[in-house]
Every structure is written in C-alpha cells, then in structure tokens.
Amino acid sequence: MLDPHCLRTDLDKTMQRLAVRGYTLDVTLLSALETERKSVQVETERLRAERNHHSKAIGIAKAQGKDPASLLAAVADLGERLSVNETRLVEIQQAFSDLALRIPNLPHASVPLGRDEKDNVEVRREGRPRAFAFPPKDHVALGTALDAMDFDVAAKISGSRFVVLKGRLAQLQRAIIQFMLDLHTTEHGYTELYVPYLVNAESLRGTGQLPKFEEDLFALRHIEGRADYYLIPTAEVPVTNLVRGEIVEAVRLPLKYVSHTPCFRSEAGSYGKDTRGMIRQHQFEKVELVQLVTPQQSYAALESLTANAETVLQRLDLPYRVVALCGADLGFSAAKTYDLEVWLPSQGCYREVSSCSNFEDFQTRRMVARFRNPATGKPELLHSLNGSGLAVGRTLVAILENYQEHDGRIRVPTALQPYLRGIEHL
C-alpha cells in the first residue's frame, strides 16, 4: 500500500511514477474523496467543539440551579448532526482505503521504461547453451519415455494443469528441493521455516494478493459462501506475515527465511498459455527466499537475494540470464524485480525460473510490520523482499532438457548425485 501522503499531497508526482508501469491513477476520484474528507472532518471537529461547549454550559446551569432544557435540546440536535458527519467520515475513509489497496507500488527510479515484457533489459548471461548432436526433446517427451511423468492420470484425478511424477523423477524433484534448502541454510544464512499452506484473507491483503487478485486464488468457502481460508499462491504469504503487527528489534535484522511449500494458483486469464507440460500448473513446488530489512539495506539485499537464487543455477550448471523487468511488466507489489530465466533447449529460449523483488514498504505498510530504529527509539516500517530460490518444477524441466542424452537417459547434475545415492543417470 502506498504512503497515503503520496495520494493526498503529491498526486501529480505519484501519477507520473505510476505511469511508468502503465497504470492510470484516478486523480479525479482521489481528489474528490480528499476534498470531501477535509470538509467533513472540519465540520465534524467543529460540531464536537460546539457540543463540548454546550455540555460545559449545561453543567454550569445545573450547578447554578437553572433550567438547562434549551441547552439540552441544542445538544441533542448537535449529537444527531455529529453522528451523521462521523458516519460519513468513516465511509469516505473506507472508500479511500479501498481505492488505495488497488493501486500498485511505485517503481524504483532504476526500473527500465517499457510497454511490455519485450522491453525488459538483460543484465547478464551465465553459461553457454549446450550444442546437441541430436534434436533435443522437450520435458514431456523425456518424462513420458521414462514412464515417470503422467499428465493423463493427473487429469483423471484432478483435471488439467496437474502432473503425477513417479519413481526416479519424483526422487529427483525431492533431491532438488533438499539441495536448495541445504544451500540456502548452510551457505547463505537463511533460517528454514515450515509454514501453513492455508492462510486467512488478512495475510493475503498484507502481501498484496487481495483484494485485486482474488480470482487467481483457490478459496475454501464456508457454507454461507464466505472464504475462510485460501490455499497459498506462494510461501511469500505466510512467511512475510510472520512480522505482521510486530515491532522487530534492529539487532535481529536482517531476517532471512527460506521455506519449501506447494503453491496453488488458478492461473486465471492464462488459458491457452503453456498448456503442454509442467511450465504453468495449478499446483507446483517452490523454495522461497524472504528477507525483511531496514530501508537502508533493501537494495543491497535485493542484489544479495538475487545472487543467492543464481547460485542454485550455477551449481546445477544450467545456462541462464538475469533480466531487469521494465515498469509495465512489474508485479503489483514490486518496486523493482529481477527475473532469472533458464535456458530450455526444446523451446530455444530462456524461461523464468525465479522472480526476485524488492517491495520496499508496500507490503509492510499493509501489515504494519516495523522495526525499532535504535537512533531514535521510534518504530519505522521494514522493507520486504522475496524471490524463488528456485521454482522446483521449472528447475526439474530445465534439468531434464539440458541433461538429456541421445538414448533418452537423463544425466544427473553432479550437485544432485549425493541426494540420489550417487546415481549418475535416470
């Protein structure tokens, strides 16, 4: 959520910064709400002062033995008018808040300009795509040939955009998860967390999924139709909400967490996109990195978090590139994002395997998540960051395609062999 000060006193600048991401701020509505709020608030305060004045006069009249009837009648009328104004003030403030919750974050000054993903800027490229002596197959053909990847039985059990992994492929996925968790906890200083996969609406509002993106979520609805719980779209939600409503002592910062969870997304609006295979599914695994830091630390933390995610690709010897997202391609809550894109031979291009973002105080303002500044002793908003370290299914896809042999076998990356009891091929 943006600082209300930006929306109340600096609308023109806020509008210009939001335009970088292709968002048109409804300045007319915001200005009208703010003008009415000021007017109603001034009148409300005037009525309160007048009521207090009359109340004192009534007390004096009673003390002097005078009849306070006329004063009581005036106070009664004031009370009704004051109640109407107070109710209207709450309505205006709620309307302002509802509108503010749907406004995306302001992009950082370093975010590239652009109209869509084609304008994203490549920052660096690591590794060289393998030159195959045979036509490389995609992960679906490879997994099916191994009798270890079954989309048909998953469709029978659940529907489209699900998969059943069997045998060594299921073990390979588990090995990838364990490798990532070990790397981030033992070398990068993250604390591993196990968190709930069901969260309440307040948690999703805190990280920015609600109210704007409810259609992308799987809701568990009560008999009256109320959504009591939601399946998490990412571990970002429960992990970041650990500090909701808290004041963290500065000596504990930065907070660095890693968590492996399944993720559940309805993929609303993505029909027809990546329908083949494991690229875009309703249920998938991720190892998520979350950092909570001071504002002074946050952009150094973004570079560090991104480097932590890159290390996974480097250890697995997978070609990848780092891309800075342009304004129009930024996620709703992000101020700046780097995408890590891994090379997929079957598609002849790089595909996203991680997004690493700095949200600044956009999420923490919603969550009222703060730290105590040791210099002033006063609470200030934390900055929150997260990134996939990595998306497990897409990492599995990349391994299958980049490590395939001419006979259909899959060579196991050296870094994963200890997790598969030394097995070198699937």
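Reader: In helix 12, which residues are buried?

Author: Buried means under 20% relative accessible area, exposed over 50% and partly exposed in between, with a 1.4 Å probe and protein chains only. In helix 12 the buried residues are V392, G393, R394, T395, L396, V397, A398, I399, L400, E401 and N402, so that 11 of the 11 residues in this helix (residues 392-402) are covered. Helices (H or I, at least four residues) and strands (E, at least two) are DSSP runs, numbered from the N terminus. This is a predicted model, in which local features need pLDDT of at least 70 and side-chain atom pairs count only at pLDDT 80 or more, while totals for chains, interfaces and linings use all residues. Residues are numbered from 1 along each chain as its sequence is written, and side-chain values use heavy atoms, with hydrogens and water left out.

Reader: How do helix 7 and helix 10 cross?

Author: Two packed helices are described by the angle between their axes and the distance between the axes. Axes are lines fitted to C-alpha atoms, for helices over the stretch in contact, and angles run from 0 to 180 degrees between N-to-C directions. Here the axes of helix 7 (residues 167-186) and helix 10 (residues 298-315) come within 11 Å and cross at roughly 130 degrees. Helix 7 and helix 10 are therefore oblique to each other, given that angles under 35 degrees count as roughly parallel, over 145 as roughly antiparallel, 65 to 115 as roughly perpendicular and the rest as oblique.

Reader: Which residues of helix 7 and helix 10 meet?

Author: With contact taken as heavy atoms within 4.5 Å, F179, M180, L183 and H184 in helix 7 meet N308, T311, V312 and R315 in helix 10.

Reader: How many disulfides are there, and where does C356 stand?

Author: A disulfide is a covalent bond between the sulfur atoms of two cysteines. With the rule of a pair of cysteine sulfur atoms within 2.5 Å, the count comes to zero disulfides. C356 is in no disulfide, and the nearest cysteine sulfur, that of C263, is 14 Å away; C356 is buried, with a relative accessible area of 0%.

Reader: What is the phi of D147, and is D147 buried or exposed?

Author: Most residues other than glycine have a negative phi, and most peptide bonds are trans. Phi of D147 is near 55 degrees, a positive value in a residue other than glycine, and D147, at 55% relative accessibility, counts as exposed. As for peptide bonds, the one from L253 to P254 is cis, with omega near 0 degrees.
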